Amino acid sequence: MPEMLVHGAAPYNAEPDRARLAARLVTDNDVFYVRCHGDVPALDEATHRLRVDGLVRSKLDLSMHELNTRFTQVACEAVLQCAGNRRADMQGVRPTSGDPWQVGAIGNARWQGVRLADVLDAAGAAGIDRADASLHVAFECLDHCTVDGERFRYGASIGLPKALSPDVLLATGMNGVPLPPEHGFPLRLVVPGYAGVRSPKWLSRITVQTTPSDNPIQARDYRLLPPDVSAEAIDWSRGFAIEEMPVNAAICVPAPFAALPEGPVTIEGWAMASSRSIVRVDVSADGGRVWHQAALRRSQDGGARSWTLWRIGLALGRGRHELVVRAWDAAGQTQPSDVAEIWNVKGYLSNAWHRVQVEVG
Ligand SMILES: Nc1nc2c(c(=O)[nH]1)N[C@H]1C(S)=C(S)[C@@H](COP(=O)(O)O)O[C@H]1N2
Ligand SMILES: [Mo]
């Protein structure tokens, strides 16, 4: 795989070179970050089945062919981002658990598949008419993970109202080709706006139930803990399950500590907000004293589900500069200035102003 920064070979975890990431509105499959908790199972599309059970009127047991022919094929462009994206910045404050993701545990793809809502509808999920907010839709997968010495198959859940959103896809395709093995072939969920952890890959079972999934991924991991919780004694009940992601932005070009010639410099990167549009991106070349507004670029059919790429040219004099970016969403929300304010022991939701030091001349 070209141009990837590999955090681990088994399980495979890798993010693209940041310049490649900012270059295209739709991220190519070969540079789309991969986050795996276990193996990449080798699955056969011809024999793979999706079961739907729990609080439904009629259980389903579907082949991939049945899934693809019984339900309307749809496509949707959406960003997928790991809750641990930009964790490396947070580890600069104090150590956290987890891989030191830089700015690349994010990508924007065009997903193809069928709506989860249509499949739940066909099963006659309980409470489906009133989108019963007390019900959960749990997912089971075919990869084996090991977390804190415990071995289990990956699983997670989302609330029924979110599951019924027309954006939520049972995806079989990614950017016009079948899902690559490491991205969940032959079937994964894509939940736009939510942290990547809620988009299970290698999906085999969907259960409508009264409680969230009891899988360790849902019950213990991926919770935002208060700053006084330390690695020695994690009380998971003090954290909340991460779903929507906060406003975030990163500089992809130039790279940290780049040596640049004097004159105009192009600065570019990505910005995203979970369910709202990015309306403004501010860039500073002096650590955040003076701000300039970047030009924004977004796919027409992406809406608030996809990211916004931004670019600005600034003339920089000789010497050292601290480049900074911060984005604003349509509700006027922006990012914290200092990553120390949001430190947490798992290193999640690292969305402070992104700072890059460069040397000119
Ligand atoms: N079955 C399964 N699904 C999974 C994971 C996993 O390890 N196993 N990782 C999750 C996490 S934490 C993220 S961020 C996304 C990453 O998706 P990608 O590897 O296609 O980029 O998948 C999610 N779905
Ligand atoms: Mo993730």
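Asp61 and Arg49 form a salt bridge in this predicted model, with the closest N and O atoms 2.9 Å apart; a salt bridge is taken as a side-chain nitrogen of Lys or Arg within 4 Å of a carboxyl oxygen of Asp or Glu. Asp61 belongs to strand β5 (residues 60-63) and Arg49 to strand β4 (residues 49-54), so the pair ties together parts that are 12 residues apart in sequence. Helices (H or I, at least four residues) and strands (E, at least two) are DSSP runs, numbered from the N terminus. Asp61 is partly exposed at 43% relative accessibility, and Arg49 is partly exposed at 38%. In these assignments, buried means under 20% relative accessible area, exposed over 50%, and partly exposed in between (1.4 Å probe, protein chains only).

Side chains of opposite charge can pair when their charged atoms come close. Over the whole structure, 21 salt bridges are found. Asp28 and Arg20 are joined by one with an N to O distance of 3.2 Å. Asp28 has a relative accessibility of 25% and counts as partly exposed, as does Arg20 at 22%. Both residues belong to a network of salt bridges that also links Glu3, Arg24 and Asp30.

A further salt bridge connects the side chains of Asp89 and Arg86, at 2.8 Å from N to O. Asp89 is partly exposed at 31% relative accessibility, whereas Arg86 is buried, with a relative accessible area of 2%. Arg86 lies in the loop between β6 (73-81) and α3 (87-91). Its backbone has a positive phi of about 65 degrees, although Arg86 is not a glycine. Trp202, likewise not a glycine, has a positive phi of about 50 degrees. Trp202 is located in the loop between β12 and β13 (203-209) and is buried at 1% relative accessibility.

Cis peptide bonds occur at two of the prolines described here. The bond from Ala10 to Pro11 has omega near 0 degrees, and Pro11 is placed in the loop between β1 (4-9) and β2 (12-16). The bond joining Phe185 and Pro186 has omega of about 5 degrees. Pro186 sits in the loop between β11 (177-178) and β12 (188-190).

The protein as a whole contains six helices and 24 strands. Its radius of gyration is 21 Å, which agrees with the value near 21 Å for a compact globule of 361 residues; the radius is taken over C-alpha atoms, and the globule rule is 2.2 Å times the number of residues to the power 0.38. Along the principal axes, the C-alpha atoms fill a box of roughly 70 × 45 × 40 Å. Of the 361 residues, 56% are buried. Among contacts (heavy atoms within 4.5 Å) between residues at least 6 apart in sequence, 70% join residues at least 24 apart.

The accessible surface comes to about 14700 Å² (Shrake-Rupley method, 1.4 Å probe), and carbon and sulfur atoms account for 50% of that area. There are 37 positive and 41 negative side chains, with the centres of the two sets 2 Å apart.

Residues are numbered from 1 along each chain as its sequence is written, chains are lettered from A and ligands numbered from 1 in the order in which they are written, and side-chain values use heavy atoms, with hydrogens and water left out. Local features need pLDDT of at least 70 and side-chain atom pairs count only at pLDDT 80 or more, while totals for chains, interfaces and linings use all residues.

How values were computed:
Lys and Arg count as positive and Asp and Glu as negative; His and the chain ends are not counted. The place of a charge is taken as NZ of Lys, CZ of Arg, CG of Asp or CD of Glu.
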